Amino acid sequence: MARLQDKVVIVTGSASGFGRGIAVACAREGAKVVVSDVHEKPNAGGFETDGNLTTVEAIEKAGGRAVYVAADVTKSDQVANLVARTVETYGRLDVMVNNAGVYRNGKRLHEFGEEDLDVCFDVNAKGTFFGAQEAVKQFLAQGDGGVIINLVSTAGLQGHPNQSVYNISKGAQANLTRCLAIEYGQDKIRVNGICPTYAKTSLTRELFDDKDFDQVFTESIPLKRWGEVDDIANLAVFLASDESSYIHGDLIKVDGGETLCRYSV
């Protein structure tokens with residue numbers, strides 16, 4: 001039996017990157033997946049090997065089941081519609097993966113504009129809040145629990161230079177994960193966060209291609225490499241499955257040892 005056989009999983013921001021990887025991995029394990037994003041096609045500049053295919057097409061090509069539902073996670077009515085469409089299509093919801101996110105960097109705090117702050121909070125914090133809120137409503141209505149997985153970041157656990165607006169939005173997302181776990185564990189709703197460091201997605205393509213940044217970053221990681229989408233997707237499958245039934249309220253680092261120290265040789 002596949003680890004997520006017949007589970008119904010929503011993955012926001014799943015046209016590309018982590019979300020796409022998670023959606024594909026869940027489908028491979030037998031889940032019925034709802035792919036959601038503001039657009040259906042993958043972002044340009046990503047690392048996908050099948051970037052000519054949408055996530056639904058990639059899942060179906062591998063023999064999985066998936067549908068696409070467009071949603072802007074900053075709009076509560078669109079997130080509510082996403083969950084409603086999922087239930088209409090598959091009859092229930094078992095796992096909500098709040099993956100949609102944006103990244104802003106390259107400036108010191110006094111140089112960021114209000115727009116940078118707003119977009120990080122709207123997508124990363126508010127978007128996760130809306131996704132969790134609608135998932136919880138559905139889980140409570142079903143009465144048999146559920147799973148929420150929030151894609152946070154090591155930026156939600158510590159400070160980094162030149163990305164303050166991103167870090168504080170991720171800090172809010174991390175604390176939201178804790179609050180959800182405290183409030184809804186009694187309802188058999190498990191909540192955890194995944195905290196990657198830099199990994200190879202379209203959002204980090206510019207940094208990956210910057211050889212100076214690449215060298216400094218890689219040397220700072222004890223494992224001496226960038227994260228891969230599969231590193232995150234494999235953990236998401238585990239957290240979505242019954243194998244992690246007593247893991248709750250955790251913020252799990254997937255960072256090659258980044259947060260242990262600033263490693264140098």
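I began with Cys120: its sulfur is 16 Å from the closest cysteine sulfur, in Cys195, which is too far for a bond. The model is predicted, so I kept to its limits: local features need pLDDT of at least 70, side-chain atom pairs count only at pLDDT 80 or more, and totals for chains, interfaces and linings use all residues. I number residues from 1 along each chain as its sequence is written, and side-chain values use heavy atoms, with hydrogens and water left out.

I then checked the exposure of Cys120, and at 0% relative accessibility it counts as buried (under 20% relative accessible area; exposed is over 50%, partly exposed in between, with a 1.4 Å probe and protein chains only).

Next I took Cys179. Its sulfur is 15 Å from the closest cysteine sulfur, again in Cys195, and that is too far for a bond. Cys179 is partly exposed, at 40% relative accessibility.

I searched the whole structure for disulfides (pairs of cysteine sulfur atoms within 2.5 Å) and found zero.

I turned to cavities (sets of points on a 1 Å grid over the protein atoms alone where a 1.4 Å probe fits but cannot get out; points are joined across faces, edges and corners, and a volume is the space filled by probe spheres set on them).

I listed its lining (residues with an atom within 4 Å of a point): Thr12, Val73, Asn98, Asn99, Ala100, Val123, Gly127 and Thr128. I sorted that lining by class and got three nonpolar, five polar and no charged residues.

How values were computed. On a 1 Å grid over the protein atoms alone, a cavity is a set of points where a 1.4 Å probe fits but cannot get out, and a pocket is an open set with protein on both sides within 12 Å along at least five of seven lines; lining residues have an atom within 4 Å of a point. Ala, Val, Leu, Ile, Met, Phe, Trp, Tyr, Cys and Pro count as nonpolar, Asp, Glu, Lys and Arg as charged, and the others, Gly among them, as polar.
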